[in-house]
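My notes follow in the order in which I checked them.

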Amino acid sequence: MRICIQPVGEVDREVLEFLKEQLGKLFGECEILEPIDVSADAYDPLRGQFNSTVILRKLPTTCDVTLGVTEVDLYADNLNFIFGEAELFGKRAIISLKRLRQEFYGLPEDKRLLKVRALKEAVHEIGHVLGLKHCKGKCVMRFSNSIVEVDMKNWWFCENCLKKLRKFNFLF
Ligand SMILES: [Zn+2]
Ligand SMILES: [Zn+2]
């Protein structure tokens with residue numbers, strides 16, 4: 001399977017390279033596309049945030065899965081913020097690094113932790129693209145609504161989710 005990472009706006013290169021290497025190992029192939037701008041029409045000036053769905057719909061569909069990665073803060077519908085969003089059984093997903101950074105919570109920067117968190121959110125959203133819904137197990141598909149929950153979950157699929165992926169014909 002070919003995963004394409006689509007930087008949206010200026011994105012931390014070290015994190016992108018880390019994701020490329022890890023997602024390549026996990027899913028088969030991974031490459032980083034030329035960055036695109038954050039679309040101005042996704043910005044909500046009242047919230048100071050970007051509408052995730054508007055950005056998601058602008059991502060290319062030429063790869064098996066395109067993972068948008070951005071540094072801007074994302075929201076969707078009636079949620080205050082989201083770490084990411086995906087098209088279930090679709091082609092595209094997006095994650096934001098904004099709230100995965102320790103600095104967001106007033107703590108010193110931690111690149112290693114940021115990379116692990118980004119990987120978890122990336123695998124989670126790719127899981128949705130591949131057709132998985134949320135899982136209650138100790139699994140990357142567990143829903144996380146706070147950074148504490150991101151840190152608690154695993155970075156890979158549980159046996160149950162793997163079984164479903166095999167049924168959908170994604171072989172791991
Ligand atoms: Zn989810
Ligand atoms: Zn699971």
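How do the residues of the lining of the largest pocket divide into nonpolar, polar and charged? I am working from a predicted model, and in it I count 7 nonpolar, 7 polar and 5 charged residues in that lining.

Pocket, continued. I noted a volume of about 350 Å³ for the largest pocket. Its lining consists of 19 residues. Those nearest the centre are Leu79, Ile82, Gly84, Glu125 and Phe143. I then looked up which elements contribute. At least two lining residues each come from strand S7 (79-82), strand S8 (84-86) and H3. H3 gives the largest share, with 4 residues.

Metal site. I turned to the zinc ion (ligand 2) and listed its donors: the SG atoms of Cys135, Cys139, Cys158 and Cys161, at 2.3 to 2.4 Å. The angles among the 4 donor atoms run from 105 to 112 degrees, and I recorded the site as tetrahedral. Along the sequence, the donor residues follow the spacing C-x3-C-x18-C-x2-C. I placed Cys135 in the loop between helix H3 (111-129) and helix H4 (147-152), and Cys161 in helix H5 (residues 159-167); the pair therefore ties together parts that are 26 residues apart in sequence.

Note on methods
Residues numbered from 1 in each chain as written. Chains lettered and ligands numbered in written order. Predicted model: local features only at pLDDT ≥ 70, side-chain atom pairs only at ≥ 80, totals over all residues. Heavy atoms only, no water. Donors = N, O, S within 2.8 Å, 3.2 Å for Na, K, Ca; no water. Tetrahedral: all angles 85-135°; square planar, octahedral: opposite > 155°, others 65-115°. 1 Å grid on protein atoms, 1.4 Å probe; cavity = no way out; pocket = protein on both sides within 12 Å on 5 of 7 lines; lining within 4 Å. Points joined across faces, edges and corners; volume = space filled by probe spheres on them. Nonpolar A, V, L, I, M, F, W, Y, C, P; charged D, E, K, R; others polar.
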